[in-house]
Amino acid sequence: MFTASTLRSAGVALAGLWLAQMPAAGQAPKVVEPAEAKNMRLVGFNDLQARSAYQPTIHKQGDRYIAYVGHHGASYDGKPVNTVKGVPEFNGTSIVDVTDPVKPKYLAHIPGAEGGPETGGAQMTRVCDGGSLPRGDANAVYLLRPFGRLAHEIWNVADPANPKLVVRIGGDYKDTHKSWWECDTGIAFLVSGVPGWRAQRMLEIYDLGDPSKPVKIRDFGLPGHEPGATGAVPSDLHGPISTGPQGNRLYLAYGPLNGGIFQIIDRQKLLQGPKEPTPANLRYPEVGRLDMSPLHGAHTSFPLLQMPLPEFAKYRVGATRDFVMIVSEATGRANGCQETHQMVWFADISVEARPMMVSNFSVPEASGNYCDRGVRFGAHSSNESTAPAFHKKLAFITYFAGGVRALDVRNPYHPKEVGYFIPAMTEATEKRCFKIDGQERCTRSIQSNNVETDDRGYIYVVDRANTGMHILELTADARSAAGID
């Protein structure tokens, strides 16, 4: 909750980190240059042991708030030091107490797999209380994460400073990524690369109602992903979002970088339908599908359902509509604007069988001279929390060198930016090298990677280039612009 004392503490502790002039054309920001911001401000910071960060999950544990942060594998030689234990460890999962967001406390690091950015680490995090699961240990809190590309793991983090391994799933996958876990049913939609399937990443469904005894339900993918298929292989799955048995829908995003596909699945048909991976059986649960331009991808497909639209209030049909926000991912080739600019798309899915793009959002390149600076610039992901603080009012989008952007999404036909925060670099911010026109170029830049929010209204953005985790809040102007009290 935002209080005057919180704001005063943040202002005293972090004075001098507020607004700065934009860098001149062609110039990269300097290390420790003050942050750039509009209608958002810094509350707290943790360096995450200078590990490249991917997904944060913020979980309320009793009277504490704990951040579980998944990490890419390290892109440099050696292993960063776990400062809690004083020993070097491969990148994995950081556990940070953010109960006091002004003074986040690093509690533990769980090592991940050996390897570089996309092969090692433990990128994804999901958390369920044991008492919320159908057959979980009521005294446990369970963390689901991948182990590099090889496996999925479940840890008991009831004592977040002393996590304990519960079980490992798989061990021979081709890849893993951003899974989804329903805490009330225990059903987990795992992004896996199951041997024999043609896709590098597809859907593997497990009953994790008792996390110590995983029960596999089925494998699933697009026609052409299945074993024995021929012809072109469709885009790989990036991640699912489920509305559970109440909403009976699963929203799937394929092809995060390009060749994007958005798919709507009937959850009950997926779980109870025929499981043999034939093309007909793979099509059976599909309700709707949107094949995007080959130039754009689908990294995150976040549903915005039953959105009331005041401008249509007097119309008998369509005054309330369903939408999905699809975020494309800018690839590593975005350095120096060497690829299509990736952005945020809004599709009207009120008629599920006929999804239709209706609007988009992008950050103007000229606002930071990003092409001249030669940095990775473009959309990546959105927050996924449905807590009432922001849900169906504001969405937060990471934009790599463009930081995190706050969007008013109350009318998805006309999304509007109401604020942004581009963190300051530190000495830990990693220099990244790439080639433009055959010439190697190295730059150091903020790379805001993923973002999440909590039910108190704080925003957590983590950095791909090892800078750490910034905890933010909106100013009164941004809250007012989005109709938030």
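This is a predicted model: local features need pLDDT of at least 70, side-chain atom pairs count only at pLDDT 80 or more; totals for chains, interfaces and linings use all residues.
Local features are given at pLDDT of at least 70 and side-chain atom pairs at 80 or more, while totals for chains, interfaces and linings use all residues. Numbering runs from 1 along each chain as its sequence is written, and side-chain values use heavy atoms, with hydrogens and water left out.

A pocket here is an open set of points on a 1 Å grid over the protein atoms alone, where a 1.4 Å probe fits, with protein on both sides within 12 Å along at least five of seven lines; lining residues have an atom within 4 Å of a point. Volume is the space filled by probe spheres set on the points, which are joined across faces, edges and corners.

| Pocket | Volume | Lining by class |
|---|---|---|
| Largest | about 770 Å³ | 13 nonpolar, 12 polar, eight charged |

Nonpolar covers Ala, Val, Leu, Ile, Met, Phe, Trp, Tyr, Cys and Pro; charged covers Asp, Glu, Lys and Arg; the others, Gly among them, are polar.

In the largest pocket, the lining residues closest to the centre are Arg 126, Trp 180, Glu 384, Ser 385 and Thr 386. Strand S3 gives the largest share of that lining, five residues (strands are DSSP E runs of at least two residues, numbered from the N terminus). For the second largest pocket, Glu 118, Glu 329, Gly 332, Arg 376 and Arg 464 lie nearest the centre.

Notes:
Helices (H or I, at least four residues) and strands (E, at least two) are DSSP runs, numbered from the N terminus.
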